[in-house]
Amino acid sequence: MSDTLRLVIAIGVILFLLATFIVTFILYKRTPAPKGCENMGPNKERCKNCEMSCHLNIYADRKENE
Amino acid sequence: MNTTPYIYTFLLAIISSCLIDNVVLSRFYGICPFIGVSKKVKSAFSMGVAVTFVIILAALICWPLYHFVLLPLQIPFMDILTYILVIASLVQIVGLFIKKFSAPLYQSFGIYLPLITTNCAVLGVVQTNTDTALSFGLSMANAIGTSLGFLLVIVLFSTMRERIEEYNGNKAFKGVPIALISAAILAMAFMGLMGIGAK
């Protein structure tokens, strides 16, 4: 098998996997959250799981500074 | 056909990757959730179960993908990129099913599930399985043992941290410093298991 063909196949595999990821991501986003779980983003009152700053718990640093 | 040696090897591989060659304490994979999500036992257990689930599924999918797609197509150099995309898609699919069919599970896993995509323990297990040319059975044993090891260690560590929180000693040690020292002691305790089976 030539190098060019291998490269084309490699790009094809990556594109296929990327397409799979994009489709699953869109399906995940479109699936409605169960009742009571609609707002599971950062929440100062509820998000006390790890008390470290992350995109889910942006209040950790503020808490320390207060 | 006598299957006893196979079962024995399978169980030995699980115990070995769970206790002796622990993914967190001897290979230092998955340190981020180990430190970040181990402050409370409940959240540590949720994270551990979610990681267990994803590691086993990822090993189940990636082994055939490597041996029946990447190797025959002569593109084994694409392994890491492929695994990353497979794991990311897998996490989305698992999340989707949980979101759709199990509200209680979504409530407990919900915020931890997307974080697993960035857990290098998952990628590490899959990569080890193909790098060391393990058979499918042993790959699954490695995946099961590694994930159980992760679950065990994160829950053990969270129970330690819950008690350490009550410590009122030197301020310099409070928080992360004492957590890291505890992790080191835990790692040393696990190192004691390395002699098991040695003749």
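## Confidence in the model

Chain B has a mean pLDDT of 85, with 94% of its residues at 70 or more, where pLDDT is the predictor's confidence in each residue on a scale from 0 to 100. This is a predicted model, in which local features need pLDDT of at least 70 and side-chain atom pairs count only at pLDDT 80 or more, while totals for chains, interfaces and linings use all residues. Residues are numbered from 1 along each chain as its sequence is written, and chains are lettered from A and ligands numbered from 1 in the order in which they are written.

Among the elements of chain B, the lowest mean pLDDT, 72, belongs to α5(B), and the highest, 91, to helix α7 (residues 136–164); helices here are DSSP runs of H or I with at least four residues, strands are runs of E with at least two, and both are numbered from the N terminus. For the complex, the predictor gives an ipTM of 0.72 and a pTM of 0.80.

## Where chain B meets chain A

On the side of chain B, 26 residues are in contact with 25 residues of chain A, contact meaning that the C-beta atoms of two residues, placed from the backbone, lie within 7 Å. The elements of chain B that give two or more residues to this side are α4 (79–101) and α5 (103–109), and α4(B) gives the most, with 12 residues. By class, the side of chain B that touches chain A holds 13 nonpolar, 9 polar and 4 charged residues; Ala, Val, Leu, Ile, Met, Phe, Trp, Tyr, Cys and Pro count as nonpolar, Asp, Glu, Lys and Arg as charged, and the others, Gly among them, as polar.

## A helix pair in chain B

The axes of helix α3 (residues 41–70) of chain B and α7(B) come within 9 Å and cross at roughly 170°. The helices α3(B) and α7(B) are therefore roughly antiparallel to each other, a term for angles over 145 degrees, taken from 0 to 180 degrees between N-to-C directions of lines fitted to C-alpha atoms over the stretch in contact. The contact of α3(B) with α7(B) has 20 nonpolar, 7 polar and 1 charged residues.

Ala13(B) lies in helix α1 (residues 4–20) of chain B and is buried, with 21 other C-beta atoms within 10 Å, the cut-off for buried being 20 or more. Leaving aside neighbours within four places in sequence, Ala13(B) is in contact with Leu138(B), Ala141(B), Asn142(B) and Gly145(B). The C-alpha atoms of Ala13(B) and Ser139(B) are separated by 9.1 Å, although these residues are 126 residues apart along the chain.

How values were computed:
Parallel < 35°, antiparallel > 145°, perpendicular 65-115°, else oblique. Buried ≥ 20, exposed ≤ 12 C-beta atoms within 10 Å, placed from the backbone.
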